[in-house]
Amino acid sequence: METSQECDVLVVGGGPAGSTIATLLARQGRRVVLLEKEHHPRFHIGESLLPGNVELFDKLGVRDQVEKIGMPKFGIEFVPPDLDYRSYVDFSEGWDPTKDSAWQVRRSELDELLFRHAGKEGALTLEGARVRQVDFDAEGATVQAVLDDGGTRSWRARFVVDASGRDTLLATKFKCKNKNPDHNSTALFGHFRNARRLEGRREGNISICWFEHGWFWFIPLADGTTSVGAVCWAYYLKARDKPLKDYFLDTIAMCPELHDRLANATLVDDAVHATGNFSYASTHATGERYLMVGDAFTFIDPMFSSGVFLAMQSAFDGAALVATALDRPAELAAARQALEKRMRVGPRDYSWFIYRVTNPTIRDMFMHPNNVFKAKQGLMSLLAADIHHGPAYRRSLWMFKVLYYFISVVNWRRTYGGWKRRRDNIRDWGPLKGETILKAD
């Protein structure tokens with residue numbers, strides 16, 4: 001038998017974006033319903049956080065809890081494919097030296113922590129509720145969900161927040177989701193015990209290791225395990241001719257440094273996962289009675305660990321928009337315009353680097369960071385997720401790009417070769433065969 005209830009805001013998706021905005025809206029005294037299709041704790045990738053997250057955790061009141069489950073992270077190690085030299089950069093080298101650290105976390109633990117916190121703050125939380133239909137009208141929306149037991153429930157909501165991740169509930173409904181033609185990759189990943197880590201203060205730093213077909217992440221976690229993943233051009237996984245685990249181990253062998261760190265390590269539960277990592281963006285994020293946040297709005301390559309930050313920041317910004325829609329509708333048009341612009345800042349800044357990160361010029365600039373014209377400060381502020389720092393950050397980031405283009409012109413043959421390889425690599429190779437592909441929403 002179907003039951004229904006009324007609420008001010010219904011949030012679809014109990015990940016970092018959904019749980020954050022549900023908490024903030026519940027604190028405003030609103031009737032908030034938060035629906036999650038799975039049950040926490042649930043497996044998820046995207047384990048590396050950025051210093052920009054710390055301030056957001058403070059505002060939510062969960063920083064101490066996150067610190068207890070996290071591995072301290074102070075910077076990044078870059079490992080090239082053809083040199084013994086390593087480059088180490090610290091977040092404290094950005095424009096705001098107080099944004100000097102973050103954590104590596106198991107997403108299953110972080111996501112459950114944020115979801116439970118939303119419930120404590122007053123949101124009505126429900127797991128095992130998969131939203132099947134959202135119908136809008138002049139007064140709000142009717143949302144229908146199917147529960148684990150096969151039963152259905154419906155809600156009348158004045159406003160709907162889509163935080164459904166890569167399910168992209170509303171973007172799919174409105175047919176406003178566009179695949180990004182400039183990026184086409186896949187990922188293989190697993191967790192290892194007894195991996196050799198960096199020493200001392202750098203133990204928890206993420207390592208980015210380039211190899212012939214893409215790049216690896218190496219993320220140390222607090223429980224002693226290490227997350228290792230290969231983000232590859234789609235053609236590489238498409239060519240797989242052996243079991244996924246064997247293919248993954250062969251891929252690791254292509255990176256001597258990573259292979260050495262895992263020489264005495266064992267794969268947790270003998271499990272290797274694969275996922276399509278196709279970047280996309282929706283044409284818009286807001287409507288009269290709805291808002292898309294986090295990956296429900298846009299998804300970019302995870303190379304710089306920006307996913308959780310962008311999700312949570314969009315939730316903080318979005319909470320203000322929802323309040324405007326419900327309390328001051330005459331101001332909504334201007335608020336929507338401002339939010340649409342703001343939500344594109346982070347994805348745009350990170351994407352510029354992501355699309356060029358396999359180019360030899362960018363690799364050289366990462367391997368030999370120079371602070372001429374404050375370019376390194378701009379880069380480190382970006383990597384620390386201090387993307388709204390102000391004019392000084394914008395100028396230094398602009399100078400980094402100027403230097404990149406200058407070096408690229410001077411070394412035009414190398415630049416052209418890198419561009420040509422990337423053009424060939426981003427071809428759409430069609431659906432992957434074999435293993436079930438997991439979503440990394």
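**Cavities, a pocket and a helix pair**

Tutor: In this predicted model, 14 residues line the largest cavity, and His 183, Trp 215, Trp 233, Asp 301 and Thr 358 lie nearest its centre.

Student: What volume does the largest cavity have?

Tutor: About 100 Å³.

Student: Which strands each supply at least two residues of its lining?

Tutor: Strand S14 (214–220) and strand S15 (225–233). The largest share comes from S15, with three residues.

Student: And how do the lining residues of the largest cavity divide by class?

Tutor: Seven are nonpolar, five polar and two charged.

Student: How many cavities of 30 Å³ or more does a search of the whole structure find?

Tutor: Two. The second largest cavity holds about 60 Å³ of space.

Student: Which residues line the second largest cavity?

Tutor: Leu 50, Lys 73, Ile 76, Phe 78, Ile 206, Ile 208, Met 303, Phe 304, Ser 305 and Leu 383. Strand S4 (75–79) and strand S13 (206–211) each give at least two residues to that lining.

Student: What classes are in that lining?

Tutor: Eight nonpolar residues, one polar and one charged.

Student: Switching to pockets. How much space lies in the second largest pocket?

Tutor: About 290 Å³. Its lining has 13 residues. Tyr 355, Arg 356, Tyr 404, Trp 419 and Arg 422 lie nearest the centre of this pocket.

Student: Which elements give two or more residues to that lining?

Tutor: Helix H14 (391–410) and helix H15 (412–425). H15 gives the most, with five residues.

Student: New topic: helix packing. At what angle do H2 and H9 pack?

Tutor: Helix H2 (residues 51–60) and helix H9 (residues 307–327) pack at about 45°. Their axes are 10 Å apart. That angle makes H2 oblique to H9.

Student: Why give both an angle and a distance?

Tutor: Because two packed helices are described by the angle between their axes and the distance between the axes.

Student: Is the crossing of H2 and H9 left-handed or right-handed?

Tutor: Left-handed.

Student: Which residues meet there?

Tutor: From H2, Gly 52, Asn 53, Leu 56, Phe 57, Lys 59 and Leu 60. From H9, Val 308, Phe 309, Met 312, Gln 313 and Phe 316.

Student: What classes make up the contact of H2 with H9?

Tutor: Seven nonpolar residues, three polar and one charged.

Key:
Residues numbered from 1 in each chain as written. Predicted model: local features only at pLDDT ≥ 70, side-chain atom pairs only at ≥ 80, totals over all residues. Heavy atoms only, no water. Axes fitted to C-alpha atoms, helices over the stretch in contact; angles between N-to-C directions. Helix = DSSP H or I, 4+ residues; strand = E, 2+ residues; numbered from the N terminus. Parallel < 35°, antiparallel > 145°, perpendicular 65-115°, else oblique. Left-handed = near helix turned anticlockwise from the far one by under 90°. Contact = heavy atoms within 4.5 Å. Nonpolar A, V, L, I, M, F, W, Y, C, P; charged D, E, K, R; others polar. 1 Å grid on protein atoms, 1.4 Å probe; cavity = no way out; pocket = protein on both sides within 12 Å on 5 of 7 lines; lining within 4 Å. Points joined across faces, edges and corners; volume = space filled by probe spheres on them.
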